[in-house]
Amino acid sequence: MDFSDDDVSASGDALEHDENGNADFEQDDSDAAGSDSEEAGDADMPQAQAVAAAAAKPVAGRQEVQAAQDALLGGEISTNAALLQLQLSELLSEVSLCKQPGLQAAAEALVGQLQKALAGTPARVLTGDADQGLAALISSWGLEPQGVCCSIRAPAAVQLIGSWALGAAGRLPGAAAAVDVAVQMPSSCLRHKDILNYRYHAKRAVFLSALAAQLATDPLFAAAEQQLAPMAGNPCRPVLLLHLNPKALAAALQQQGSAAAGFGQEGLVLRLLPAVGLDAFEVSKLSPDRNNVSGHLNLAAAVSRSSLQLAQMAAARSLAILNRADLEPDAVYDAVFRPGLGLAGLFDYWWSVELPQQQQQQLGDQHPMRLAEAQVEGLVRQALTTRALLVKTIRQPPSYSPQQQQQQPAAATAAAAVGPVAVPRRILVGVIADPVAALRAVDVGPAADDAAAAAKFRALWGDKSELRSRHTCCFYPEPHPLAEGLGSGAAAAAAAAAGGKVPRVLEAIDVMVQLEGTGRMPSDAAAFAKTKAALGVQLADALAAACGAHATATEDAVEVLWQGFAFKLLLFMDRDTPMLGADAAAGSHVPLPLLLSRHHGLISSLEAAHAAYGPTVRLAKRWLGLQLLLGPTQVCEEAVELLVAGVFQGPSSCPPPASRISGLLRFLQLLASHPWAAAPLLIDPAGDVKPDARRALQVEYEARRAAGTLPGMFLATPYDLHSSRWTAHQPSQSVAHHLVSLARAAHQQLSQLLLSGPDAPLAQQQLQQLQQQQRRLAAKKLKQTHTDNAASPEQQQQRDEMAALARAWRSVCGPNLAGFDAWVLLRPEALPFAGRGDPLAAAQLQQQLKAQRRRCEAILQSATEAAEAAADGQAAQKKRKHNDGENQAAAVNGVGSGSSGSSGSGAHGALGALLAAGLGLVEAPKASRAVLRSIPEQLLLTKSADKLRSELLVGFDPVSLFLNLCCERYGHLATFCADPSGGFGAIGIKWKPEAFLPAPLRPNHAHGMLAIGATAAGTAAAAAGGKQKGAGVVRRGQHVGLVVPNVCQVLGEVAEMGLGLVQQVVLLQ
C-alpha cells in the first residue's frame, strides 16, 4: 500500500525542546536510516574519519570490542580512536531498541493489536463541532466547524513505518520510545476539492478525533493517554499520540507483556500519522500556489533555514573537536555526544515577541504562525546584522487531549479548550551572537547619499544608541574628593554636592611594580623585606616629587592617591620567590604579586577573545554575593573569574557564550554538573597543559582525595597546576554542596523563565501573589498608583504578567537568606559600601527579625501565663493569705516578692533577660565608631587637606577583616557568610552540627566551650555505690571532661571582636 509523501516525509523544524528544556535535533517522521558503509583501512586518515569508518559496520557486544582491538593492533586507527569507538558502541547500546531481545516483535505485535482495535471503528458522519477542542482548532484555520463533514470509516490500512520498520529504532535517555504507525484515511473521507482552504487538514483532525474515540473504548488501549499534537510543529498537520505507561503497555501486549519492561519506565508512544492514497488528489494540482496540502515537491520544506544553519554549526564544531589530536577521548566524547547543554543555555539572547490578536489567514501551504516566525526572524536578523551568528524562533505549538475533552461537560470543555488550542500569541526568539561583534559600540549605517537605505536604517533604529564597557569587578571605583588633590574647602563643597558625606575608606586598585634585581640585596628574608620597603619609600618620594601625587609607603606596598582614585603598588623582585623558602605551605611558593600577575594574564586573554566574559564575571559575582558566598572566607573573586573562564574554554559542540545571560546559565550549569568529588576543574583556555600533565594532575587529585585533604573545589591552572591556591581552604565541603544545590535550582528556574516567560511556574506564582496584593489593596479602597484605570482587562493582565516576570527574575538572581542560625547586624555608618546594599535582601532580613521578635513575644507570653497559673495554684493549695501567697509564688519562680500581677511580670523579666542576650544591642565606645564613619563636614572645613588625607583608609575592608577573624577563632564551630563588597549589613552564622557533639577539651579551642556534668542516670548509679552492673548502667563520671560549644559566650565574643562594627547579635535558633 502506498502512502502520500505529505504525511511520512521529513519532519519540520530540526530543533525542538522537550519538557525539561533540553535541546534535541528531531529526526524525520519516517526515521529513514542511512546505509552501511565499508570499514576503512587507511591509518593516516583523520581521527573523525577513522572513528566513523570503524563504527560504520553494525556489530554489537564482544564482536565490536574485538573489532576495535583488531583495528588498533593492525594500525588502522589510533589508540584514542579505538577508545572513542568503544564509547560510541556503549552509547549505541544504550539508545538502540531494535537490537534488544523481544522489542522488535513486541512493537509489531502492538501495531497488530492497534489494527484490530481500529477495525471496529463504526461508520458514521462526524462534523467538526462534535468536540469543543476540535472545533476551536478548526476555527483557528478560518473554517466553520459545523461545515466540516467527514464520512468516518475504519482505516483502509494500518502499517508500521519509520525506524521500527527499518530495524533502526532508538531513543534518547530519559525519553519514551516512539513507534510511527501510518493509518490510511478511507476514500469516503475525502473529496477532490479538499486540497483548498485547509479542508483536508480539518478532515484529518476530525478523522483522528474519531480514531481517538474508538481507542478510548477499546479495553487494550483505554488506559493510554491521548494527545492531538502538531507534526513537526505545524498545527495544520495534527497527529494522534498514544502514551502507554508500562502497565498499559503490558495490557496492550497481552501474551508478550514481559517485553514491556524493555521499554523502560517511560513506556512507549504510538504516533498515528494519517495518510492518503495516491488516487486521493490529482498530483498536477498539488502546488504551493494552488493549495495548502503540497507534499511532493520538497521533503525538507518544513525545515527552516535557521534550523539547518544550527545543525551545520553543531556539525562543524563537532568535526573540529573530533579532528583534534591533543584531546583525550573522554573530553571528545563528552563534548560531542554528551554536551548536556539545555536549550536555554544554547542561545545568548532571548526575546518574547507579542503577536497581534487578529492574524491574516494565508492560502498557501505555510501556516500563519510559520509566516509570523519568518517575519520576526528577518526583523531580528536585520537589526543585529553581523552581531548575530544565528537567529531562530523556537516553536511552541498548541495541543490538546481528545480523551479529556470527551470526559468533560460541554460547557466546561468549551471554556477550557479554546485557550490551549488557540494560536500562541507569543513567539520566542533565540540568538547565538558573535563573541567579538556582539558588544561593539556602534553600527555603521549606509551612506547619506543612499536615501532609500538611510531612510530604512533610520526607520529601524531611530536615534537609539548604547555604549558598553568590559570589566570583571562588580562595582566601579568612585572618585574621592580628597584623592583628587582638592583642598578641604573644595572637598567640603564636593561632599555637599554628594549628599554631605565623604567616606573615610577608599577602594584600592592593585598594581604590580617589578623592581630591577641587584646582587646587593641581603640574603636574610627579614632584611630583604626591610630593604624592599626602603625602596618603596624612595619610590613614594619620587612620585610625590615628579607629579605631586600623595604617596605613602608601607611594609608591603606603596599607596598612591591620584586623580580621585587610590592605587596600591605591590613591589615585586625576582628574588621574592626563593625568599619564601622551600618549607612554604602549599601554593605559597609563588609570591602573591607574581601569582596575581599570572592570573591577570590568563583572564586578560579570555576577555580579549570574548566580549561577554567580563559582564558574565560581574553577574556571577553578584549572584554569589547575594547568596552571601562571595568573599575571602567562602569563594574569592579570583576563583569566580576562573570558574567563568571554564565556561568560555573548549572543547564544546556549542559556541561560547556571547551574552551575560547565557554566560550566567552556563556558569550555574558548570557549578551544578561538574563532579567536584571525582575530578579537578582545569582552567586552560590556551591548551598549555599537555596530556601527560593532565593525567598526572588526576593521579595527584585521587591521592589527595584518598588522604582526605581535598578542598571543596579544586581549580587548577597552568600557573598553579597542583595547589589550587584560590580554593585551597575555602569553600568547605559543606559550603560547596550548598553552592551546587543553589546553582542547580537557579539554573532550572532561569531556564524556565527564558523558555516560558510569563507562563513559567515561578512567574505564575509571582503573578498570583501580585494579584492577591492588588485585591487586598482594592478591598481597603486604597489608590493603586501603578494601575491605569483606563486600561482594558487585557492590557492590565499583560502589565501584571510583565511585573510578575520581573519579580520572578529578581527572585532567581536575588538573595537567599534562609537556613542561618544567627545574624550579626552591622552598623550602617561603619560599612564602606552601605549604599550598594540590595533592598530585597534587607527586606528579607527584616522579615526574619520580625518573625523572631514574634516568637520571643509568644515565649514570653506563655511563660507569663505559666507563672501566673503556678502562683495561683500554690496560693490555693497552701491556703495562705493573699500577700503571702504572692510572695511565695514569686520566690518559687525566682523573681522576688510582690503582688500576683508582679509575679507574672517578674517571670517575664527573667525570661526576657535570657532572650535579650540574643536580641540585645551592642554598645560600643564612641572612639571605635568614629574610626569607620564618614568624615564630618565640620572637619572638612577646619582641618587641612593634608591632615585629612593622612586619615584616609586605603584598601581597608572592615567586614572582610572581621570575617577572617571570626573564621580564625570560631571556624571550627560555624560557617560565617557575608557580602563584603555588596554592602549587605549583616553576617550570617550557620552552626556546624558535628561541632555540637560532646568531645574532649582541646587547648586550642578551649574558649567558648561549656563542660558537661554527670547525667541523671550516672548520679543515681553513683548514689547506689556503683554496685549495679550491666550494659544499661551509666558509670560515674562518664561525661566528665567532655565539652560542647557555649553559644551565648561565642556570640558575645563575636560582638566584642567587632566592637564599633557590630550593632546587634540575633540568635534565631
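Where is Pro731 found? Pro731 is found in the loop between strand S19 (715–716) and helix H25 (733–756). The model is predicted, so local features need pLDDT of at least 70, side-chain atom pairs count only at pLDDT 80 or more, and totals for chains, interfaces and linings use all residues. Residues are numbered from 1 along each chain as its sequence is written, and side-chain values use heavy atoms, with hydrogens and water left out. Helices (H or I, at least four residues) and strands (E, at least two) are DSSP runs, numbered from the N terminus.

**Backbone geometry**

- Most residues other than glycine have a negative phi, and most peptide bonds are trans.
- The peptide bond that joins Gln730 and Pro731 is cis, with omega about 0°.
- Thr385 is not glycine, yet its phi is positive, near 50°. Thr385 sits in the loop between helix H13 (368–384) and strand S11 (388–394).
- Leu628, also a residue other than glycine, has a positive phi near 60°. The loop between helix H21 (613–626) and helix H22 (637–648) holds Leu628.

- Buried means under 20% relative accessible area, exposed over 50%, and partly exposed in between (1.4 Å probe, protein chains only).
- Thr385 has 36% relative accessibility and so counts as partly exposed.
- Leu628 has a relative accessible area of 2%, and is therefore buried.

**Packing of helix H11**

- In helix H11 (residues 329–337), the buried residues are Pro329, Val332, Tyr333, Ala335 and Val336.
- These buried residues of H11 pack against helix H4 (79–95) and helix H10 (305–322), where contact means heavy atoms within 4.5 Å.
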